[in-house]
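Biologist: I'm new to this one, and I'd like to learn how to read it. Could you walk me through it step by step?

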Amino acid sequence: MFDLSLIFSKELQIFSVFGNPISLIELLGTSTGLLCVYLASRNHILTWPFGILTSICFFFLFFQIQLYSDMLLQIYFFGSSVYGWIVWRKKTGVYVKIQSLSKTNQLIVLLVIFFGTYILGAITSRLPIWLPNIFTKPPEFLYWDAFTTVGSIVANFLLAQRKLESWFIWVFVDVVCITIYSLKEIPFVTLEYIVFLLIAFYGCHHWYQEYKLNHHSFE
């Protein structure tokens, strides 16, 4: 009888890329994640159900490779995807113009990311002490991993608010993620985040053009 828990195991490898084994959970998380981000760039409601599937897959994957901040991030992404799905269904047809943060709010966002990174890094460093039976290994890339988590939360919040700066934050987050995941030898996720980076550059350009168009229309 097939053990369903194997689906969530990194040990269930289905093929390899450049000599690196690819697990089923990595493939599923990567595929649904790419669809999620692409649909988000197109402002499509299906981004949310695909986001839910991605967060489930990556929760189990990041737990197994000791990226605990990234693991915890998936809980937020799961909740925000459910919330986004509900809100978008209620507001179908409502168009919110792209806006930019004020200088003060930009500074606040930077401070939130900086202090949030420090606090989350301090918390995840203690998980093996607080819950040794669950977290049997220490976290790796502690504060860089924490940065990608906090930065993703902030960027996702700003994206929901249709703030231009969201895509600029995604660019920095994706660059750090590409470095971490390549060092952790999860090539499919690394390739996924390279695509995410390209989409983030596209989002920066596309949203900025729309922002300029909206801004000039009021002048």
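Modeller: Let's begin with what a helix label stands for: helices are DSSP runs of at least four residues, numbered from the N terminus. Keep in mind that this is a predicted model. Aspartate 174, for instance, is found in helix H7, which covers residues 165–183.

Biologist: How many helices and strands does the protein chain have?

Modeller: There are 8 helices and 2 strands in the protein chain. Going along the sequence, the pattern reads β-β-α-α-α-α-α-α-α-α.

Biologist: Back to aspartate 174, then. Is aspartate 174 buried or exposed?

Modeller: The idea is to look at relative accessible area, and under 20% means buried. Aspartate 174 comes in at 3%, so it's buried. Across the protein chain, 46% of the 219 residues count as buried.

Biologist: And which residues does aspartate 174 touch?

Modeller: Setting aside residues up to four places away in sequence, aspartate 174 touches Tyr193, Phe196, Leu197 and Ala200. Those all have numbers that fall in helix H8, residues 187–217.

Biologist: What about threonine 190 itself, buried or exposed?

Modeller: Threonine 190 has 9% relative accessibility, so it counts as buried. Its side chain reaches the backbone nitrogen of serine 182 at 3.2 Å. Not counting residues up to four places away in sequence, threonine 190 touches Ile178, Tyr181 and Ser182.

Biologist: Now the helix pairs. How do I read those?

Modeller: Two packed helices are described by the angle between their axes and the distance between the axes. Take H6 and H7: they pack at about 155°, and their axes are 9 Å apart. That angle makes H6 roughly antiparallel to H7. Their crossing is left-handed. On the H6 side the contact includes Trp144, Phe147 and Leu158, while on the H7 side it includes Trp167, Phe172 and Ile180. By class, the residues of this contact divide into 14 nonpolar, 5 polar and 1 charged.

Biologist: At what angle do the axes of H4 and H6 cross?

Modeller: The axes of H4 (residues 103–125) and H6 (residues 142–160) cross at roughly 135° and come within 8 Å. H4 and H6 are therefore oblique to each other. H4 passes H6 in a right-handed crossing. Among the residues that meet there are Val109, Ile113 and Tyr118 in H4, and Tyr143, Phe147 and Val150 in H6. The contact of H4 with H6 has 13 nonpolar, 6 polar and no charged residues.

Biologist: Let me try one more residue. Where does serine 55 lie, and which residues is serine 55 in contact with?

Modeller: Serine 55 lies in helix H2, residues 47–64. Serine 55 is buried, because its relative accessible area is 2%. Leaving aside neighbours within four places in sequence, serine 55 is in contact with Gln74, Phe77 and Phe78.

Biologist: Last one: of the contacts between residues at least 6 apart in sequence, what percentage join residues at least 24 apart?

Modeller: In the protein chain, 68% of those contacts join residues at least 24 apart.

Note on methods
Residues numbered from 1 in each chain as written. Predicted model: local features only at pLDDT ≥ 70, side-chain atom pairs only at ≥ 80, totals over all residues. Heavy atoms only, no water. Buried < 20%, exposed > 50% of the residue type's maximum accessible area, 1.4 Å probe, protein only. Contact = heavy atoms within 4.5 Å. Axes fitted to C-alpha atoms, helices over the stretch in contact; angles between N-to-C directions. Parallel < 35°, antiparallel > 145°, perpendicular 65-115°, else oblique. Left-handed = near helix turned anticlockwise from the far one by under 90°. Nonpolar A, V, L, I, M, F, W, Y, C, P; charged D, E, K, R; others polar. Polar contact = N/O pair within 3.5 Å; in protein donor to acceptor, adjacent residues only side chain to side chain.
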